[in-house]
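Work through the exercises below with the model open. Each task is followed by a solution in steps.

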Amino acid sequence: MPTFLCVFFFTGWCFLASSQEKSHCFDSTLLIHSIQEFSSDSMGGRETGETGGMKAQYYIQQRYRQLNLLQFDSTYFHAFNFANPFKKSKIKGVNLIGWIKGQTRPNKYMVISSHHDHLGIRNGAIYNGADDNASGTCALLSIAEYFSSYPPSCSIIFVAFDAEEMGLLGSKHFVSKPPVPLKNILFNLNMDMISRSKKNELFICGTHHYPQLKILLNTVDSLSSTNVIFGHDSGSMRTEDWTFASDHGSFHKKKIPFVYLGVVDHEDYHKTTDDFERIDPSFYIRSVRVAVDIAKRMDSENAKED
Ligand SMILES: [Zn+2]
């Protein structure tokens, strides 16, 4: 083949490949690379107050910086202290907060969240927490990437919470000392475990409490081959109620409408085997597309004046 044709086909292929990878306006290759790194042994299981937890915080800080997210009080690090239940000492938790200013309603906010902490190292074994919750945290970074390119109408606060595994402590701190008035926070989208499902099912929890959201989100990513199902929020005997299962519970207690994205617990939940190798990259990318879609819809809905 002549050289110029080689070049043509090669560059053409690159263009197609990269446009597919970025088809929903976040880089899916980067997403998979991120979850691999964030759930690697080098992060030491990301336990609150431990070296691994701090490494995770610096990783998020670096990504926030690259995306030029804005800061509250000139920092992304928002620390809080709480009593160590096993010793007479304090543990320091750190929420990582960045934000993007809205174009038309900058004083109205959506909070997109995930928790970055996990269980650390126990008896010498590292709990990498790939699904729980490297998946939600790296999804948060991809959503921030999307809105950095396509600025929202309302402002968006991105929060990676600490100490969720110790009782939703990071989100409880956030709603008790919010960086903006709570009344200006219109919605919370929380993600916790979204990267694998044997049944190809991703749940949207929260619309039982906020039925107006169900109408809005009824056709979310209807082209996705994932089964996107509303549920796990009605307190019925048939399914577990996840209303307070993760950080969205702290927003719900303050009567802030929320939607939580997650999958049912799997055999590796809170085990040393919750590793990168066990996530389903294709399912995960689709989950993040669903999350971007929800965020876009909520932004355009909230863009309307009261
Ligand atoms: Zn979790």
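Two residues count as in contact if their C-beta atoms, placed from the backbone, lie within 7 Å. Keep in mind that this is a predicted model.

**Exercise 1. Find the helices that pack on the sheet, and give their directions relative to β2.**

Solution. 
- Start with helix α3, residues 51–66. Helix α3 lies across β1, β2 and β6. Its direction runs at about 15° to β2.
- Go on to helix α5, residues 169–176. Helix α5 touches β1, β2, β3 and β6. Its direction makes about 60° with that of β2.

**Exercise 2. Write down the strand order of the sheet and explain which strands stand at the edges.**

Solution. 
- Trace the eight strands: β1-β2-β6-β3-β7-β10-β8-β9. The sheet is open, and its pairing is mixed.
- Look at the two ends. β1 (77–83) and β9 each have a single partner strand, so one side of each lacks a neighbour in the sheet.
- Neighbouring strands are turned by 20° against each other on average, with direction ignored.

**Exercise 3. Describe how β6 pairs on each side, and decide whether its residues are buried or exposed.**

Solution. 
- Take β2 (residues 90–100). Five bridges join β2 to β6, and the two strands run antiparallel.
- Take β3 (residues 105–115). β3 and β6 pair in the parallel sense over eight bridges. I112 stands opposite F158 in β6. S114 stands opposite A160 in β6.
- Recall a rule for reading such pairs. In a regular strand, side chains alternate between the two faces of the sheet.
- Now check the cover. Strand β6 spans residues 154–161, and eight of its eight residues are buried.

Note on methods:
Residues numbered from 1 in each chain as written. Predicted model: local features only at pLDDT ≥ 70, side-chain atom pairs only at ≥ 80, totals over all residues. Buried ≥ 20, exposed ≤ 12 C-beta atoms within 10 Å, placed from the backbone. Helix = DSSP H or I, 4+ residues; strand = E, 2+ residues; numbered from the N terminus. Pairing = 2+ DSSP bridges. Axes fitted to C-alpha atoms, helices over the stretch in contact; angles between N-to-C directions.
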